[in-house]
Amino acid sequence: MNNFDFHAPTNILFGKNQINQLPNVLKQYGKTVLLTYGGGSIKRSGLYDDIYRLIGTDTKIIELGGIEPNPRLSTVIKGVDLCKENNVDVILSVGGGSTIDCSKAIAAGVFYDGNPWDFVVNDGIKLTKALPIVTILTIAATGSEMNWGSVITNEETKEKLSFHTRLVTPKVSILDPTYTFSVPTYQTMAGSADIFSHLIENYFNQTPDTMVQDGIAEGLMRTVLHYTPTALTEPTNYEARANLMWASSLALNGLTGNGKNGVWSCHPMEHELSAYYDITHGIGLAILTPRWMEHVLNDDTVERFALYGHRVFDLELNEDLYITAKEAIKQTYDTFVKWGVPMTLPEVGIDDSLLNEMAEQSVKHSNISTKAYVPLSADDVLTIYTNSLVPMTF
Ligand code: NZQ
Ligand code: ZN
């Protein structure tokens, strides 16, 4: 295990009716709030009205609604302007990863002299200050509610990049699973696939002797496999939604990734798909993950894949590890199929016309060609994309 610096300072208020603490939470940070939200789900669910009812009149609320999935640089700039014009003290971000990520970039952008895209490209290194962020999470997926990352899309250059700074880690996140009852089937599958992918990305890593991180990841993967079908068939099942919500936060708050080397594989490949085609992040990951697994299965990785099958899918460890490893990859694919995920690129509107360009970009925008679990060249990425055009056969 490598040295690491674990810092997960977000105060999580988990469970039903935790929103009642919102007035006291916000009071700590000031009287002018930028309320950020997405395309309107919080209005339909009643959460928007609850927030106004609770906050009362002694707090001034400025609104930035309409934050799009795969949040855009132009929206970040709009939010920065609103904060500066109104001397905003704190951002209240209500929604999923897109709203929270956009809010993180706004929070940092307020104190940054220049275009926010600069600090996204430079991974946050020039940042010194940010507004405090409080979140109310409405979908279990990214973990943004408890981490220091943010992913922003520059719609003009078709680039989707992440930046990281502890300055934007949410101060408080309210996690009431009942707010996720209204998440539609497609987004529920996508959210679970994203959580699962975060765990996979950390689990398949070259650093030896990380039993703690791996044991936590295996438990969280089993949780996602166990509860996603229930959340899909019974959207208002509290225990299913609660377990998925907490899994989303723990999967990407450092617990399963700290102490390990290297960079992720499927996320850099997926970010190109959603940058070019604006697809749902988790769906792109579900499509790529089993193809990536198949592509990187070799004599060096087979034991890891077999153990994954044994510990996560309860497969028997065959003497021939390839048998167990291949079955584990099949089970991963079949799981997404059973959830109902469209499992080929054409089903989400992607044909072969830009695969080459996206493969080049994914290698340019990340270190997957040098530091991934199995380093991937642009040709490797192209093969994985190409294999994603048609259903897998086993
Ligand atoms: O916009 P609204 O109307 O709220 O609808 C949203 C949106 O259409 C809907 N939704 C959310 N909660 C709902 C709901 N609909 C009904 N009821 C509810 N309770 O779901 C749709 C997707 O929302 P979005 O915020 O885009 O989803 P998600 O949380 O999956 O965020 C995806 C973004 O986060 C980035 C992704 O790349 C993508 O841009 N990521 C952020 C990470 C991070 N900050 O750590 C890590 C991830 O790997 C990921 O890259
Ligand atoms: Zn993700």
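**Notes on a predicted model and its ligand**

1. Asn70 sits in the loop between β3 (60-64) and α4. Its backbone deserves a look too, as phi is positive, about 60°, although Asn70 is not a glycine. Most residues other than glycine have a negative phi.

2. Where else does a residue other than glycine have a positive phi near 60°? Asp209 is one such place. Asp209 belongs to the loop between α7 and α8 (211-233). Is Asp209 buried or exposed? With 66% relative accessibility, Asp209 counts as exposed, because the cut-off for that is over 50%.

3. Moving on to helix α4, which covers residues 73-86, have a look at Thr75. Thr75 has 6% relative accessibility and so counts as buried. Which side chain does the side chain of Thr75 meet in a polar contact? The partner is Glu68, at 2.7 Å. Setting aside neighbours within four places in sequence, Thr75 is in contact with Leu64, Ile67, Glu68, Cys102 and Ile106.

4. Ile42 is part of helix α2, residues 41-45. The residue is buried, with a relative accessible area of 3%. Once neighbours within four places in sequence are left out, the contacts of Ile42 are Tyr37, Leu47, Tyr48, Val94 and Thr138. For a sense of scale, Ile42 and Val88 are 46 residues apart along the chain, and 22 Å separates their C-alpha atoms.

5. Asn147 is in the loop between β5 (133-137) and β6, and it is buried at 9% relative accessible area. A polar atom of the Asn147 side chain lies 3.0 Å from the backbone nitrogen of Gly149. Not counting residues up to four places away in sequence, Asn147 touches Lys104, Thr142, Val168, Thr169, Pro170, Leu252 and Asn253.

6. Now for ligand 1. Which of the 31 residues around ligand 1 come nearest? They are Gly39, Ser41, Gly97, Ser98 and Lys160. By class, the shell has nine nonpolar, 19 polar and three charged residues.

7. An N or O atom in the Lys160 side chain is 2.7 Å from an oxygen atom of ligand 1. At Gly40 the backbone takes part, with an N or O atom 3.0 Å from a ligand 1 oxygen. His198 places a polar side-chain atom 2.8 Å from an oxygen atom of ligand 1. How much of ligand 1 does the protein bury? Taken alone, ligand 1 exposes 950 Å², and the protein buries 89% of that. Two or more residues of the shell come from each of α5 (97-109), β6 (149-154), α7 (185-203) and α10 (266-277).

8. Finally, the record. UniProt, in an unreviewed entry, lists "domain: Alcohol dehydrogenase iron-type/glycerol dehydrogenase GldA" for residues 9-177. In the model that span is 31% helix and 25% strand, and its end C-alpha atoms are 21 Å apart. Residues 188-388 carry the UniProt annotation "domain: Fe-containing alcohol dehydrogenase-like C-terminal", again from an unreviewed entry. Here the span is 68% helix and 0% strand, with 22 Å between the end C-alpha atoms.

How values were computed
Residues are numbered from 1 along each chain as its sequence is written. Chains are lettered from A and ligands numbered from 1 in the order in which they are written. This is a predicted model: local features need pLDDT of at least 70, side-chain atom pairs count only at pLDDT 80 or more; totals for chains, interfaces and linings use all residues. Side-chain values use heavy atoms; hydrogens and water are left out. Helices (H or I, at least four residues) and strands (E, at least two) are DSSP runs, numbered from the N terminus. Buried means under 20% relative accessible area, exposed over 50%, partly exposed in between (1.4 Å probe, protein chains only). A polar contact is a pair of N or O atoms within 3.5 Å; within protein, one must be able to donate a hydrogen and the other to accept it, and residues adjacent in sequence count only if both atoms are side-chain atoms. Contact means heavy atoms within 4.5 Å. UniProt positions are given in the numbering used here, feature names are shortened, and annotations may be inferred rather than shown by experiment. A residue is near a molecule or strand if one of its heavy atoms lies within 4 Å of it. Accessible areas come from the Shrake-Rupley method with a 1.4 Å probe; for residues, only the protein chains shown count as cover. Ala, Val, Leu, Ile, Met, Phe, Trp, Tyr, Cys and Pro count as nonpolar, Asp, Glu, Lys and Arg as charged, and the others, Gly among them, as polar.
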